Amino acid sequence: MMLFELKVALRFLREGRGQTVFILMGIAVGVAVQVFLNTLITGLQADLINQTVGSSPHLWIQGESEFDSETKLLEWESIMEIVGQREDIVAISPLVESNGFIVTTSEAVPVQIKGVKLEQADAIYKIINRLDVQTRELSGNQVLIGKGIADKYAIAREQSIRLSLPNGVVQNYTVAGIFDLGNEGSNATWVLLDLNQAQKIVGLGNRVSKIEMQIQEIFDAQKIDEDLEQRLENVEVGNWIESNRSLLTALQSQSSSSIMIQVFVLLAITLGIASVLAVSVVQKSKQLGILKAMGTKNKHASRIFLLEGAILGFLGAILGAGLGIALVYGFLFGTSIDTGTPLFALTVEYKSLIVIIVIAIVASTLAAAIPARKTARLNAVEVIRNG
């Protein structure tokens, strides 16, 4: 019987070509909007997060202190060993940091001195590939400086600079390389040197200022933070979520707006299908009356319109998915015309695409339920008699 109902449904769709095309275009446009909007919001959020914490620590551990903000870690190597056993932490880097000055002939330039193990810090900050020279380590009196410092004060590679620290230490260093981290603040203030050398001139002995980490799933930062707080004693753990509340609020607002828009688009599709198929019931009432007079049961007559809704939903969703993907690539092409690079990367997530298609098909089928019920209430004799 299902084959008969399918044949009738397809025949009704062919006979009402204008209505069929109208519904298909409505579903396709609605699905395309959902696909494009979902991809755009996801890409924008990923870009914002990447710019904020992509090349920076997601978590950090520092010594606990009630009075001194410049806390220090003594047992940092043991802590790194413990933390390094976790599979959800993908990068760990010890850090010594201090304020200081580059002393030139005319002025003292304020900078942030950061003592690191270059390869470990690179796992977080992506430094090595952003240097003007190929090197994987710092030793002795070598330092790396940001492009902003180098450009503003005409400092070249292999040139000697003098660093002055608040504790009175003044020492000469050789610029081994110049980095561009793509961040104006870092480029204009950071001076990197070897961890051991930094411990020596800052006066920390074998201690460090903090341990910085990156994790596999950045939104797990709060959970991992709490877990580390429970496992480790006399330390404070911080995370990027606590430091970027305003960003998270903005991301949540974007997601809420996107969901609301998609809900209204889906509602418009559903109402459109229901109204057009309801008109189709009236137009096809005589044919339906004859089918009922020939023995077609109410539930089978109703299924004809449910099948119409499912077929329209499937075809419209497939067309809409293709159109949505085309819109995504059109956006990437359009925003890259002037610079050769899109505003930000967009990737169609096919899992989300499948979800949108399934929802569109289900919504279309449910929209057909109203005219289907109307079909079940038709009286065959009255319909045939009244034409």
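The structure is a predicted model, in which local features need pLDDT of at least 70 and side-chain atom pairs count only at pLDDT 80 or more, while totals for chains, interfaces and linings use all residues. Residues are numbered from 1 along each chain as its sequence is written, and side-chain values use heavy atoms, with hydrogens and water left out.

Let us step back to the whole chain. The protein holds 15 helices and nine strands; these are DSSP runs numbered from the N terminus, with at least four residues of H or I for a helix and at least two of E for a strand. Of its 387 residues, 45% count as buried, where buried means under 20% relative accessible area, exposed over 50%, and partly exposed in between (1.4 Å probe, protein chains only). Among the contacts with a separation of 6 or more, 75% come from residues 24 or more positions apart; a contact means heavy atoms within 4.5 Å.

Now for the strands. Two strands pair if DSSP finds at least two bridges between them. Strand β5 (residues 160-164) runs antiparallel to strand β2 (residues 89-103), joined by three bridges, and here Phe101 stands opposite Ser164. Five bridges join β5 to strand β6 (residues 170-179), also antiparallel, with Ser160 opposite Thr174. β5 and β6 form a hairpin with five residues between them, and Gly168 in the turn has a positive phi of about 100 degrees.

Two other residues have a positive phi without being glycines. Glu158, in the loop between α5 (147-152) and β5, has a value of about 75 degrees and is exposed at 57% relative accessibility. Asn234, in the loop between α8 and β9 (235-239), has about 60 degrees and is exposed as well, at 59%.

Next, look inside. A nonpolar core is a set of buried Ala, Val, Leu, Ile, Met, Phe, Trp, Tyr and Cys residues joined through side-chain atoms within 4.5 Å. In the largest one, of 50 residues, Ile61, Val83, Ile145, Ile161, Ile211 and Met213 touch the most other members. Apart from this core lies another of 27 residues, including Leu24, Ala274, Val276 and Ile311. The aromatic rings come next. Rings of Phe, Tyr and Trp (its six-membered ring) pair if their centres lie within 6.5 Å; planes under 30 degrees apart count as stacked, over 60 as edge-to-face and the rest as tilted. The structure holds three such pairs. The rings of Phe36 and Phe331 have centres 6.1 Å apart and planes at 70 degrees, so this pair is edge-to-face. Phe36 lies in helix α2 (residues 17-54) and Phe331 in helix α12 (residues 298-335), so the pair ties together parts 295 residues apart in sequence. Phe219 and Trp240 are also edge-to-face, at 5.7 Å centre to centre and 65 degrees between the planes. Trp240 is buried, with a relative accessible area of 1%.

Finally, Ser336 sits in the loop between α12 and α13 (350-367) and counts as buried at 15% relative accessibility. A polar atom of the Ser336 side chain lies 3.0 Å from the backbone oxygen of Leu332.

Key
Polar contact = N/O pair within 3.5 Å; in protein donor to acceptor, adjacent residues only side chain to side chain.
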